[in-house]
Amino acid sequence: MSPRAHRLLSALLAAAVIAAPVAAQTTYDSADPFIGTGGEGHTFPGAVAPFGMVQVSPDTDTGCEIRDCYGHAAGYRHGDPTIQGFSQTHFSGAGHSDLGDFLLMPVAGDAVPLEPGDPAKPRSGYRSRFSHDQEAARPGYYAVSLIDHGVRAELTAGPRVGVHRYAFPAGKAAHVVLDLRSSLYNYPGKILWSSVRLRADGTITGSRETRGWAPARKLFFAIRPNVPLQGHAFLDREENIPYRGFQGPGRGREDVAQLQGRALVARLDFGKLASPLEVKVAISSVDEDAAIANLESEAGDFDAIRARTRAAWEQALGAVEIDAPAPMKRMVATALYHALLAPSIFSDADGRYRGPDDQVHRAEGFTFHSTFSLWDTFRAEHPLLLLVQPESRNLDFVKSLLASQQASPFGLLPVWQFHGRETWTMIGYHAVPVIADAYLKGLRGFDADAALDAMVRSASYGPYGGLDDYMKLGFVPIDREPEAASKTAEYAYDDWTIARMAGAMGRADIAQRFERRAGNWRNSFDAQSGFLRARKADGSFRTPFDPTAINYGSDYTEGNAWQYSWFVPQDQAAMFALLGGDAAAAAKLDRMFEFDNSKLDYSHAEDIAGLIGQYIHGNEPSHHVAYLYAYAGQPWRTQERLKQIVESQYKPTPDGLSGNDDLGQMSAWLVFTALGFYPVAPGSNEYVIGRPFVDRATLALPNGKRLLIVAEGLSDANRYVGRVALNGKPLDRAYLRHDEIMAGGELRFTMQPGPERTWGTAPAARPYSMSTARPER
């Protein structure tokens, strides 16, 4: 098919989706991978299967210095004018980055540049200009026209492979540049070593070891084109290092079959082609042969793999059927799509993977996943996956966390892990609530006693994050550990989830010990000021104190006292009591949302985006705060704030996310909120009722049952909840239980123009708090 025909087909497909009635469009049809690729969403538009090992996507600028790379954390930025190439690995919405492994770029003609060139100087290298008018993206598929090379590039992916299809101009020689130097968040010396070789059957294999965000990360690749190579060159571009008689850049020859070095680039020549070139790529953390085995585990050409991945996406996204106006449907469908990208598969087709100890392990009876952004995803992403993904997938996640703990040099559960390596990024031990929440919601099939022991070990490892002082003093002291106030609050919540799981298992000794620790947040709460504050080892609060200050290495993690003082999800009732009661708590919530920031400057602080007063939706510590009015007996105020947040923080455009998506957490927040409820305290088995933003939705639950959600009379004018009914019976409380959702049936909201000030207000109608807990059902 010619490049013109490819462009025409893509345009027809896009037009067909636009022309279809909104109600007839499936969730798959409505998902738009370009949402979040501008602004600070940090998402990528490329091709990936659900939770896929390979995320093949365009990189628009990998040459930025690390201090300037924040906007390119996903490799692609919607406002950039050129594409450097297509690499095989990417994060979706991370605030930091790495990856961008094994970049490929098609080049047409006789002259083949081996340097990327300057984005401001067309044709100065192998990068190319492109236009969004000639670009398309759907779940599992991406296409773009490379203006400077006249090439139409298409990408698709299976669970462990990526496939590139390049339609070259007629009569021009086809080449592909493989650049092993290219990486995201690049800097001198990041590439420790790399290799490339041409095998007898035409498969190109190799490896790379990098010292990036994850230390000494090893990754291997296998590349197999669908036509034979006509020629090649393997070159080492590292400067001024003698090598086999050569001095300076450009070492290597066209007849060499393999090469090793720190700055490798390859030219792959295919001659003049009558049909598009297809290049299948697989990766492995084990070795080159394992990458080849992954390559061979997924049969078929580009179209066959694209069709299988489309079917997988239709099934995965079909877990939530949505009826809503087009902009909202597009936002919610895309949010669900983004929530199904990670944790990503990391074990090979034979079950092997490289773990945190840099040794090769085998996943027996499960698929090992990595890319756990747990400080973000414990809040809503993992609770959402328990509702929309099969039990087997969620069991894979839990078993992966436990397998990582068993291979950890310190015996600890992951903190922020990708490609099997621990980065120790962010705070807390938030694998704990992920495991506890899954167990408490009925997930079985793993060794619960071993899991609880692993959770206790992670919560008791003194050298980590001030835990030794936390266990002795009941708080983390700021004169010994940075971000101490945040750590105290987050440890206390994690401890509560340990107590909950231990209690459900009959492990009373552990339950009692960690329930006591769950109250440690009180030791950092200053009732006089009404804020969570950092204390010194002698017990005094650190001064001076400014609740609006956001500084690196301060008392708080990516936030300030305004955001973190609300983080007591296990016992909001007790915290409200310290504030002076329900009315005082609600008034303080109002002050947070209505705070005048005009005299504050947060330009120095990354991840501080989406401000509504001192509420910061672009960062996770604020995500539960709008729902807290329900704990103060004012659920209609939650409904008002949710409308304010959704309308100001989400758009169906490339800059439609107010902050980093953080591996699906920002998106999971929107999915839950659009459905009308949210898991403020994972581990409580409850969801706080907010208000719906879609007319109807159907949840296809993992147990085979279905929950229909209806927002009767929903409109801009009818923005408040008047009544709620579950299976036809009035629901007078401001929360849902997990078992009620899993039972299926119908959840019906009756919307009205003004607030209903009696529904869900009684103390017994409020969501869970440990100090006022109701008897377990």
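The following conversation walks through several parts of a predicted model.

Q: Let us start with the largest pocket. How much space lies in it?
A: In this predicted model, the largest pocket holds about 880 Å³ of space.

Q: Which residues lie nearest its centre?
A: Those are Thr425, Met426, Glu483, Tyr552 and Glu558. They belong to a lining of 38 residues.

Q: And what is the make-up of that lining by class?
A: The lining of the largest pocket has 16 nonpolar residues, 13 polar ones and nine charged ones.

Q: Moving on to His369. Where does it lie?
A: His369 is part of strand S22, which covers residues 369-370.

Q: Is His369 buried or exposed, and why?
A: His369 counts as buried because its relative accessibility is 0%, and the cut-off for buried is under 20%.

Q: What is His369 in contact with, leaving aside its neighbours within four places in sequence?
A: The contacts of His369 are Phe51, Pro343, Ser344, Ile345, Phe346, Arg393, Asp396, Phe397, Ser400 and Gln417. Gln417 stands 48 residues from His369 along the chain, and the C-alpha atoms of the two are separated by 9.9 Å.

Q: What does the side chain of His369 reach?
A: The side chain of His369 reaches the backbone oxygen of Thr367 at 2.9 Å. There is also a polar contact of 3.4 Å between the side chains of His369 and Arg393.

Q: Let us change topic to the open sheet. How many strands form it, and in what order?
A: Six strands form the open sheet, in the order S18-S32-S33-S37-S34-S35, with mixed pairing. The edge strands are S18 (320-323) and S35 (729-730), each of which pairs on one side only.

Q: How does S18 pair with S32?
A: S18 and S32, the latter spanning residues 696-700, are antiparallel and pair over four bridges. Within this pairing, Asp323 stands opposite Arg696 in S32.

Q: What is the bridge partner of Arg696 in S33?
A: The partner of Arg696 in S33 is Val710. Strands S32 and S33 (residues 706-712) pair in the antiparallel sense, over five bridges.

Q: What lies between the strands in the hairpin of S32 and S33?
A: Five residues lie between these strands, and Gly704 in this hairpin takes a positive phi near 90 degrees.

Q: How many bridges join S34 to S37?
A: Six bridges join S34 (residues 720-726) to S37 (residues 745-752), and the two strands run antiparallel. Val724 stands opposite Phe749 in S37.

Q: Now for Arg637. In which helix is it found?
A: Arg637 is found in helix H17, which covers residues 635-649.

Q: Why does Arg637 count as buried?
A: Arg637 has a relative accessibility of 15%, and therefore falls within the buried class, which is set at under 20%.

Q: Which residues is Arg637 in contact with, leaving aside its neighbours within four places in sequence?
A: Arg637 is in contact with Asp590 and Tyr629. With Asp590, the side chain of Arg637 forms a polar contact of 2.9 Å.

Q: One last topic, helix H7. How many of its residues are buried?
A: Eight of the eight residues in H7 (residues 381-388) are buried, and the helix is mostly covered. Among them are Glu381, His382 and Pro383, and the buried residues also include Leu384 and Val388.

Definitions and conventions:
Residues are numbered from 1 along each chain as its sequence is written. This is a predicted model: local features need pLDDT of at least 70, side-chain atom pairs count only at pLDDT 80 or more; totals for chains, interfaces and linings use all residues. Side-chain values use heavy atoms; hydrogens and water are left out. On a 1 Å grid over the protein atoms alone, a cavity is a set of points where a 1.4 Å probe fits but cannot get out, and a pocket is an open set with protein on both sides within 12 Å along at least five of seven lines; lining residues have an atom within 4 Å of a point. Grid points are joined across faces, edges and corners, and a volume is the space filled by probe spheres set on the points. Ala, Val, Leu, Ile, Met, Phe, Trp, Tyr, Cys and Pro count as nonpolar, Asp, Glu, Lys and Arg as charged, and the others, Gly among them, as polar. Buried means under 20% relative accessible area, exposed over 50%, partly exposed in between (1.4 Å probe, protein chains only). Contact means heavy atoms within 4.5 Å. A polar contact is a pair of N or O atoms within 3.5 Å; within protein, one must be able to donate a hydrogen and the other to accept it, and residues adjacent in sequence count only if both atoms are side-chain atoms. Two strands pair if DSSP finds at least two bridges between them.
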